[in-house]
Amino acid sequence: MTHVTEDDLDDLEFDTLRTGDHISAARRLAELAESVSGGVSRANVLLRAGEQWQHAGNHEKAAELYRKAMEDGGETYGDPRAYLADALFELGRSEEARKLVDEIRADKPRDPEVYRAVAEVLYAQGDASGAHEWATSGADVVLALRDRAVGTGVAGSGDGPGHADDGFTPGPDDVAIAEDSLEALLRLRYRARIDLGRGEDDYDALLDDLLKNG
């Protein structure tokens with residue numbers, strides 16, 4: 001077994017950014033996934049390996065690794081289905097990709113990064129309307145978490161999953177992590193609105209406030 005930490009994986013990916021050798025990184029990560037122990041899950045390493053294959057332009061291999069991450073069932077960042085959907089879109093298998101997106105939506109994820117990932121995938125495919133919907137829902141999740149945690153009365157104006165009364169009471173750390181996603185979600189939403197020819201709204205005003213106070 002090989003003891004691997006998140007820092008080890010981050011270092012490997014940082015080196016890959018410098019060298020541009022995504023294929024070697026993908027192969028190394030795939031090897032590590034078979035013997036990993038310690039602070040990271042096998043599924044997490046498989047997901048990172050898939051990303052490296054995708055950066056290398058090999059979407060078939062990326063899809064294979066993403067599926068293995070899903071089958072493993074271990075803890076991962078985000079949702080492997082969003083990454084698999086991205087690879088499938090690139091492979092021209094849009095129907096399969098859309099099915100995965102629908103599955104994610106049905107699960108009503110609490111992690112705003114999942115909404116951001118799906119929104120980015122759809123935006124890259126020219127689906128500004130879908131990207132707008134997912135980015136809005138992700139922003140609603142953040143705002144609802146903020147509202148539940150601190151009782152400010154500030155919440156999104158939409159009816160996204162973030163407003164479901166599911167008994168979940170987040171703590172300050174949950175909110176802080178979610179807030180990190182808010183600006184990216186609102187930026188993507190704004191770009192989609194521009195493409196759709198829509199005027200500014202309350203979410204765009206919130207983005208302006210974030211940028212002014214950032």
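This is a predicted model: local features need pLDDT of at least 70, side-chain atom pairs count only at pLDDT 80 or more; totals for chains, interfaces and linings use all residues.
Residues are numbered from 1 along each chain as its sequence is written, and side-chain values use heavy atoms, with hydrogens and water left out.

**Overall fold**

- The protein chain holds 10 helices and 2 strands; helices (H or I, at least four residues) and strands (E, at least two) are DSSP runs, numbered from the N terminus.
- Along the sequence, these elements follow the pattern β-α-α-β-α-α-α-α-α-α-α-α.
- Of the 214 residues, 43% are buried, where buried means under 20% relative accessible area, exposed over 50%, and partly exposed in between (1.4 Å probe, protein chains only).
- Contacts (heavy atoms within 4.5 Å) with a separation of 6 or more come to 56% from residues 24 or more positions apart.

**The nonpolar core**

- The largest nonpolar core has 55 residues, and Val-45 and Trp-134 touch the most other members; such a core is a set of buried Ala, Val, Leu, Ile, Met, Phe, Trp, Tyr and Cys residues joined through side-chain atoms within 4.5 Å.
- Helix H8 (residues 128–150) gives this core its largest share, 8 residues.
- The core lies between domain 1 (22–99) and domain 2 (108–151 + 171–213), because both give residues to it; the domain bounds come from an automatic or database domain assignment.
- Not counting residues up to four places away in sequence, Trp-134 touches Val-101, Ile-104, Arg-105, Tyr-115, Val-118, Ala-119 and Leu-122.

**Helix H6 and what follows**

- Helix H6 (residues 94–107) has 14 residues and spans 20 Å from first to last C-alpha, close to the 20 Å expected at 1.5 Å a residue; the expected span is 1.5 Å times one less than the number of residues.
- Ala-97, Leu-100, Val-101 and Ile-104 are the buried residues named in H6. They sit on the same side of H6, because they cover an arc of only 100° around the axis, the arc being that of the directions from the helix axis to the C-beta atoms.
- Glu-95, Lys-99, Asp-102 and Ala-106 are exposed on the other side of H6.
- Lys-108 lies in the loop between H6 and helix H7 (112–124), and has a positive phi of about 50° although it is not a glycine. At 54% relative accessibility, Lys-108 counts as exposed.
- Val-114, in helix H7, counts as buried at 4% relative accessibility. Its contacts beyond four places in sequence are Gly-78, Asp-79, Ile-104 and Pro-109.

**Helix H1**

- Helix H1 (residues 6–19) has Leu-9, Leu-12 and Thr-16 buried. These lie on the same side of H1, since they cover an arc of only 60° around the axis.
- Asp-7, Phe-14, Leu-17 and Arg-18 are exposed on the other side of H1.
- Cover for the buried residues of H1 includes strand E1 (2–4), helix H2 (22–33) and helix H3 (42–55).
- Just after H1, Gly-20 takes a positive phi of about 75°.
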